[in-house]
Amino acid sequence: MTTADLLRANLLSPIALSFALGMGARAVRSEFSLPKDIYLGLSIFLLWALGLQGGAELREASLTAIAWPALATLGLGVATPISAYLVVRKVGRFSAADAAAIAAHYGSVSAVTYIAATTFAKSQGMEPEGFMPTLLTLLEAPGIQVALLIGVVQAGGHGRPLREVLHEVFTGRTMVLLVGGLLVGFIMGHENWAVIEPFYNTKGAVFRGALCLFMLEMGVVAAARLGDLRKVGGFLLGFGLGMPLVHGALGAWVGTLAGLSVGGATVLAAMAASASYIAAPPAVRLTLPEANPTFYLTSALVITFPFNLLVGIPIYFRLASWFGGTP
Amino acid sequence: MTPIRLKLVTIIAEHVLREHLTADLRKLGARGYSLGEVEGEGTRGVHAQDWQGKNIRVETLVSAEVAERILAHLAASYFHDYALVAYAHDVEVVRSGKFA
């Protein structure tokens with residue numbers, strides 16, 4: 001498959017089309033949007049399913065297989081917020097607080113991007129490793145922490161104490177469902193998993209169908225913020241498109257070096273490239289209140305998320321195939 | 001049942017401050033509060049969580065002295081960085097035993 005074929009396949013996937021319809025609905029000022037509670041419920045289902053399946057598959061993985069990828073993931077979690085901070089601060093000349101706030105988002109992960117990348121890799125016949133959800137939880141927290149630390153040190157943050165905020169990051173919805181799911185999935189064993197698998201399997205119809213519904217709302221939400229693009233300026237637009245490519249290439253390379261398959265390296269690349277917009281915003285708002293939310297929310301949610309979803313993932317797949325020696 | 005005169009303090013703020021504000025109210029002497037989600041627009045742009053949670057409105061019935069303390073605290077702690085408005089009015093409250 002050429003890169004153009006990959007891009008086309010991705011754009012015609014139900015996930016991307018659902019997202020596009022959500023955006024379109026908002027663009028024509030339709031009154032459509034998913035009720036908040038359903039949206040929340042869907043996100044809980046998606047994260048819980050990810051955790052459970054990850055836990056069930058983690059049982060089958062050997063410690064040696066997961067050690068290097070885990071180390072690589074932690075390395076990415078430290079490197080990506082620092083690189084994002086330096087670019088925004090030194091090249092974009094943003095304030096230390098704004099730069100650290102943006103870095104916290106780009107250091108952390110968008111779980112939806114992760115799911116989309118997993119689905120894409122599977123659709124290309126490149127099954128990612130079963131322990132990928134473990135890596136997702138490993139990457140979720142450090143990025144936010146490193147960036148907030150930079151922010152508090154550099155900008156002398158006068159928000160809430162870092163300790164309190166870290167507590168929130170670790171006890172947030174994403175972490176509880178993912179880490180809890182991993183534990184429960186791991187403990188329950190193969191026979192119990194087999195019983196509930198049809199409902200939770202992330203390759204299954206229920207999971208993918210729920211994801212499409214969720215993406216409808218993500219499209220609406222992203223489109224609602226499109227007007228903010230005018231406020232953030234050209235630098236952040238370029239940053240929101242360029243930074244994921246750099247972090248994605250780094251993720252694909254490091255992932256391949258750590259021994260991940262093409263599918264696994266694709267997913268790790270997408271994780272490194274993605275910017276969090278669920279866990280990071282409240283943590284940043286409370287720790288670095290002087291940072292402007294329009295900057296970090298717009299770049300993470302309106303620029304980088306759609307870019308990764310529509311264009312980035314096939315590129316990371318191509319890069320991972322190339323690094324992995326299967327062109 | 002004679003009503004007594006108290007202050008109704010109303011705070012409208014971004015959702016992210018929820019835990020923080022309610023803890024502050026208790027500390028400053030409020031005996032209780034009511035909280036709800038509200039929608040609206042103001043002078044600030046995006047709120048950090050405005051697509052996950054709406055704004056909150058917190059109401060509490062307190063003595064004039066506590067009301068003043070609350071408003072002063074809000075101004076000092078939040079006005080600079082957060083989207084938040086607060087106001088107080090005089091109200092006549094029955095069941096005064098709960099508040100006095």
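This is a predicted model: local features need pLDDT of at least 70, side-chain atom pairs count only at pLDDT 80 or more; totals for chains, interfaces and linings use all residues.
Reader: Start with chain B. How many helices and strands does chain B have?
Author: Chain B has 2 helices and 4 strands. Along the sequence they come in the pattern β-α-β-β-α-β.

Reader: And what order do the strands take in the sheet?
Author: The order is β2-β3-β1-β4 in chain B, in an open sheet with antiparallel pairing. At the edges sit β2 (34-38) and β4 (84-93) of chain B, each of which pairs on one side only. From one strand to the next, the twist averages 20°.

Reader: Which helix packs on that sheet?
Author: Helix α1 (residues 18-27) of chain B does, and it touches β1 (4-13), β2 and β3 of chain B. The direction of α1 makes about 5° with that of β3(B).

Reader: What is the count of buried residues in β2(B)?
Author: The count is 0 among its 5 residues, so β2(B) is hardly covered; a residue needs 20 or more other C-beta atoms within 10 Å to be buried.

Reader: And for chain B as a whole, what share is buried?
Author: Of its 100 residues, 31% count as buried. As for contacts in chain B with a separation of 6 or more, 79% come from residues 24 or more positions apart.

Reader: Pick a residue in β3(B). Why does B:Leu61 count as buried?
Author: B:Leu61 lies in strand β3 of chain B. B:Leu61 counts as buried because it has 21 C-beta neighbours inside 10 Å.

Reader: Which residues does B:Leu61 touch?
Author: Leaving out residues up to four places away in sequence, B:Leu61 touches B:Leu6, B:Leu8, B:Val93 and B:Phe99.

Reader: How far is B:Leu61 from B:Thr2 in space?
Author: They are 16 Å apart, C-alpha to C-alpha, and 59 residues apart in sequence.

Reader: Over to chain A. How far does helix α4 reach?
Author: Helix α4 (residues 63-91) of chain A has 29 residues and reaches 41 Å from its first C-alpha to its last. That is close to the 42 Å expected at 1.5 Å a residue.

Reader: Which residues of α4(A) are buried?
Author: Among them are A:Pro69, A:Ala72, A:Thr73, A:Leu76, A:Gly77 and A:Thr80. An α-helix has 3.6 residues a turn, so residues three or four places apart point the same way.

Reader: What covers the buried residues of α4(A)?
Author: The cover includes α5 (96-107), α7 (132-155), α11 (229-257) and α12 (262-273) of chain A.

Reader: And what follows α4(A)?
Author: α4(A) is followed by A:Arg93, with a positive phi near 55°.

Reader: Last one. At what angle do α6(A) and α14(A) pack?
Author: Helix α6 (residues 111-123) and helix α14 (residues 293-323) of chain A pack at about 35°, with their axes 10 Å apart. The crossing is right-handed.

Reader: Which residues make the contact?
Author: From α6(A), they are A:Thr113, A:Ala116, A:Ala117, A:Phe120 and A:Ala121. From α14(A), they are A:Phe305, A:Asn308, A:Leu309, A:Ile313 and A:Phe317. By class, that makes 8 nonpolar, 2 polar and no charged residues.

Conventions:
Residues are numbered from 1 along each chain as its sequence is written. Chains are lettered from A and ligands numbered from 1 in the order in which they are written. The expected span of a helix is 1.5 Å times one less than its number of residues. A residue is buried if 20 or more other C-beta atoms lie within 10 Å of its own, exposed if 12 or fewer, and partly exposed in between; C-beta atoms are placed from the backbone. Two residues are in contact if their C-beta atoms, placed from the backbone, lie within 7 Å. Axes are lines fitted to C-alpha atoms, for helices over the stretch in contact, and angles run from 0 to 180 degrees between N-to-C directions. A crossing is left-handed if the near helix is turned anticlockwise from the far one by less than a right angle, and right-handed if clockwise. Ala, Val, Leu, Ile, Met, Phe, Trp, Tyr, Cys and Pro count as nonpolar, Asp, Glu, Lys and Arg as charged, and the others, Gly among them, as polar. Two strands pair if DSSP finds at least two bridges between them.
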